Amino acid sequence: MTIDAALPSPPRRKRPSIFARIWAGQAGPVAVVCAAILGFWYVMCLPMNGDLPSMPPGGTLAERYAAAWALDRPVLPAPHQVLMELRTSTCGRLASEAAFPSAEFIGNFFSCEIRWTPRNLLFHAVVTVSSTLVGFGLGALLGIGLAVLIVHSVTLRKSLMPWIIASQTIPILAIAPIIIVVLANQGITGLLPKAIISAYLCFFPVAIGMVKGLNSPDVLSLDLMRTYNASRLETFLKLRLPAAVPFLFASLKVAIAISLVGAIVGELPSGATAGLGARMLSGSYYGQTVQIWAALFLAAFVAALMVALVGVIERGILKAMGARP
């Protein structure tokens, strides 16, 4: 009998349960926060809608909550009303009026036939996203260009940085109508004015992040490049730019979300008939609060989707550069 055979085998580690694995990641905490927000939202529907003339008088607390969750034009719509409006404004009304928990209701809810008309909320989302992407591209290029100039020129660093920071102190709601009116007088309407407003908002985080990233290499690395007699261009391409990539993508995630805000704000004073901003504006004109909330939720979903797409591109580029996961 060997010594190894005489020794007791180490105890087998117990595999954590599925709930422990979910809670250890992001899904568990996010689900708890979302459940808390939904619960608070449902509770606040009665205090917010209780004074409306359309609320029936009297009744038990449960009856009053049921009425507050079913108003046509509430101050604060219930989450299920927003969800139904999203479904109706993208896929049309349900084929039948089956009750919510039934299989017929669920089957009708997920059966979708999209009609590409100006009444479809997805149509408005595409209009806003097109302005967002053009503005994001312009703002990213402007921010990267300014950062490169600032890093390589002391004079530009002292002259440009104060103006870049001061540009963000002007409220976008004040400057957006000016941009729209000035460009309209020059015969420029449509997508470009909204894209310029988006670029105005999103160039700032890109410029600041790139300046930080391009200046991130330490002194020893810069001295090593000088020892190898590297030119400023070689130092930029082989040292500064690779070091700035993580900073750049962190800034791009902020920039693409804020550029969507700029596109929506640009649609408000321009009298646009298409776009999520125009949809919100028409909802406010006619008191359709559920329509406004549906457009807001779709805008938030689109922003999250674009930020996630930037994250996927970031992981691909960092992997190609040999960065550790």
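Buried means under 20% relative accessible area, exposed over 50%, and partly exposed in between, with a 1.4 Å probe and protein chains only. The accessible areas come from the Shrake-Rupley method with a 1.4 Å probe, and for residues only the protein chains shown count as cover.

The model is predicted: local features need pLDDT of at least 70 and side-chain atom pairs count only at pLDDT 80 or more, while totals for chains, interfaces and linings use all residues. Residues are numbered from 1 along each chain as its sequence is written, and side-chain values use heavy atoms, with hydrogens and water left out.

Stop 1: Glu 267 counts as buried, at 0% relative accessibility. A salt bridge here is a side-chain nitrogen of Lys or Arg within 4 Å of a carboxyl oxygen of Asp or Glu. By this rule the count comes to 3 salt bridges.

**Stop 2: the other salt bridges.** Select Glu 314 and Lys 253, whose closest N and O atoms are 2.9 Å apart in a salt bridge. This pair also links distant parts of the chain: Glu 314 is in helix 14 (residues 289-320) and Lys 253 in helix 12, 61 residues apart. Glu 314 is buried at 13%, whereas Lys 253 is partly exposed at 29% relative accessibility. Next select Arg 226 and Asp 223, a salt bridge with closest N and O atoms 2.6 Å apart. Because they are 3 residues apart in helix 11, about one helical turn separates Arg 226 and Asp 223. Arg 226 is exposed, with a relative accessible area of 55%, and Asp 223 is partly exposed at 34%.

**Stop 3: a loop.** Go to Asn 229, in the loop between helix 11 (219-227) and helix 12 (232-267). Asn 229 has a positive phi of about 60° although it is not a glycine. Its relative accessible area of 67% makes Asn 229 exposed.

**Stop 4: helices 7 and 10.** Show helix 7 and helix 10, whose axes come within 5 Å and cross at roughly 35°. Axes are lines fitted to C-alpha atoms, for helices over the stretch in contact, with angles from 0 to 180 degrees between N-to-C directions. The residues of this contact divide into 22 nonpolar, 7 polar and 1 charged. Ala, Val, Leu, Ile, Met, Phe, Trp, Tyr, Cys and Pro count as nonpolar, Asp, Glu, Lys and Arg as charged, and the others, Gly among them, as polar.

**Stop 5: a nonpolar patch.** Select Val 134, Leu 138, Leu 191, Leu 192 and Ile 196, which make a nonpolar surface patch of about 340 Å². Patches are made of residues with over 30% relative accessible area and no salt bridge; like charges are joined within 9 Å, and nonpolar side chains (Val, Leu, Ile, Met, Phe, Trp, Tyr) within 5 Å. Helix 10 gives the most to this patch, with 3 residues.

**Stop 6: the whole chain.** Zoom out: the secondary structure comes to 14 helices and 0 strands. Helices (H or I, at least four residues) and strands (E, at least two) are DSSP runs, numbered from the N terminus. Of the 325 residues, 36% count as buried.
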